Amino acid sequence: PRLAKLAPGLQATLRIALSKTLSQTLHTRNLGSQAFQLTQALHSYFAVGNATQVGIEGITSLPYQDKLRGMATDVQRTAFALDVACDRIYHHPSPDESAQPGHRYALVDPAWQRRIVINTRGSQSVVVWNPGSEGARRIADLPDDGWQDFVCIEAANAGPDVIALAPGAEHSLEQTLSVIV
């Protein structure tokens with residue numbers, strides 16, 4: 001495990017396990033005497049055959065905030081399709097306080113004939129990002145056409161989905177990835 005010091009009083013540990021699946025757990029502890037508001041994401045970049053052809057299961061009917069439209073809110077009413085660029089925070093309804101929320105998504109990549117299943121726990125949001133053609137031109141270490149080669153799907157607690165860590169409290173953000181061909 002890797003141990004990191006963050007803000008005063010916070011401690012984070014990242015555990016990665018690789019077998020037939022890839023599991024990641026980001027465990028955060030508040031060792032301080034003050035409450036802390038925590039946002040977090042596991043930034044997963046998935047190589048794909050063609051970003052404009054992928055689908056994402058598990059987000060239909062979810063409300064989201066669109067960062068490219070000034071955090072405007074909307075609901076994903078149809079199947080996901082990337083047409084230009086995307087930077088959205090999708091939110092699940094709040095669970096009861098004793099539950100560790102768990103969600104399942106699937107990245108469907110028809111060009112490479114596979115599905116990547118993403119199971120999350122301790123995550124109330126999912127971020128979907130791709131800079132699109134114009135955005136890629138503004139990123140120095142990304143080829144202009146490189147945006148077509150990946151999609152980010154990030155297990156997160158972002159936007160209004162903040163984790164309140166009281167003194168002594170802990171939180172784990174987990175995701176397990178598996179590929180189905």
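The legends below describe close-up views of a predicted model.

**View 1. Salt bridges around D66.**
The side chain of D66 meets that of R69 in a salt bridge with an N to O distance of 3.6 Å. D66 also forms a salt bridge with R88, where the closest N and O atoms are 3.7 Å apart. This second pair links distant parts of the chain, as D66 belongs to strand β8 (residues 63–66) and R88 to strand β10 (residues 86–91), 22 residues apart. D66 and R88 are both buried. Through shared partners, the salt bridges join D66, R69 and R88 into one network. The relative accessibility of D66 is 6%, so D66 falls under the 20% limit for a buried residue. R69 has a relative accessible area of 43% and is therefore partly exposed, a class that lies between 20% and 50%.

**View 2. The salt bridge between R114 and D109.**
R114 and D109 form a salt bridge in which the closest N and O atoms lie 3.5 Å apart. Both residues, R114 and D109, are buried.

**View 3. The largest nonpolar core.**
The largest nonpolar core has 27 residues. Those with the most contacts inside this core are I56, I59, F80, Y90, L107 and I153. Two or more residues each are given by β10, β11 (102–109), β12 (114–121), β13 (125–130) and β14 (150–157). The largest share comes from β14, with 4 residues. Leaving out residues up to four places away in sequence, I56 touches F80, A106, L107, V128, V151 and I153.

The space in the second largest pocket is about 200 Å³. Its lining consists of 15 residues, and A85, P131, E134, G135 and R138 lie nearest the centre of the pocket. The elements that give two or more residues to this lining are β10, β13 and α1 (132–137). Of the elements, α1 gives the most to the lining of the second largest pocket, with 4 residues. Sorted by class, the lining comprises 7 nonpolar, 4 polar and 4 charged residues.

**View 4. T73 and its surroundings.**
T73 is found in strand β9 (residues 72–75). T73 has a relative accessible area of 59%, which is over the 50% limit, and so T73 counts as exposed. With neighbours within four places in sequence left aside, T73 is in contact with Y64 and Q65. The C-alpha atoms of T73 and Y90 are 9.6 Å apart in space, while the two residues are 17 residues apart in sequence. Y90 is also one of the residues with the most contacts inside the largest nonpolar core.

**View 5. G102 in strand β11.**
G102 has its place in strand β11. The relative accessible area of G102 is 46%, so G102 is partly exposed, as the value lies between 20% and 50%. Not counting residues up to four places away in sequence, G102 touches T120 and R121. I180 is 78 residues from G102 along the chain, and their C-alpha atoms are separated by 20 Å.

**View 6. M71, a residue with positive phi.**
M71 is not a glycine, yet has a positive phi of about 70°. M71 is placed in the loop between β8 and β9. With a relative accessible area of 34%, M71 is partly exposed.

**View 7. Q113, a residue with positive phi.**
Q113, a residue other than glycine, has a positive phi near 50°. Q113 lies in the loop between β11 and β12. The relative accessible area of Q113 is 66%, and Q113 is therefore exposed, this class being set at over 50%.

Notes. Residues are numbered from 1 along each chain as its sequence is written. This is a predicted model: local features need pLDDT of at least 70, side-chain atom pairs count only at pLDDT 80 or more; totals for chains, interfaces and linings use all residues. Side-chain values use heavy atoms; hydrogens and water are left out. A salt bridge is a side-chain nitrogen of Lys or Arg within 4 Å of a carboxyl oxygen of Asp or Glu. Buried means under 20% relative accessible area, exposed over 50%, partly exposed in between (1.4 Å probe, protein chains only). A nonpolar core is a set of buried Ala, Val, Leu, Ile, Met, Phe, Trp, Tyr and Cys residues joined through side-chain atoms within 4.5 Å. Contact means heavy atoms within 4.5 Å. On a 1 Å grid over the protein atoms alone, a cavity is a set of points where a 1.4 Å probe fits but cannot get out, and a pocket is an open set with protein on both sides within 12 Å along at least five of seven lines; lining residues have an atom within 4 Å of a point. Grid points are joined across faces, edges and corners, and a volume is the space filled by probe spheres set on the points. Ala, Val, Leu, Ile, Met, Phe, Trp, Tyr, Cys and Pro count as nonpolar, Asp, Glu, Lys and Arg as charged, and the others, Gly among them, as polar.
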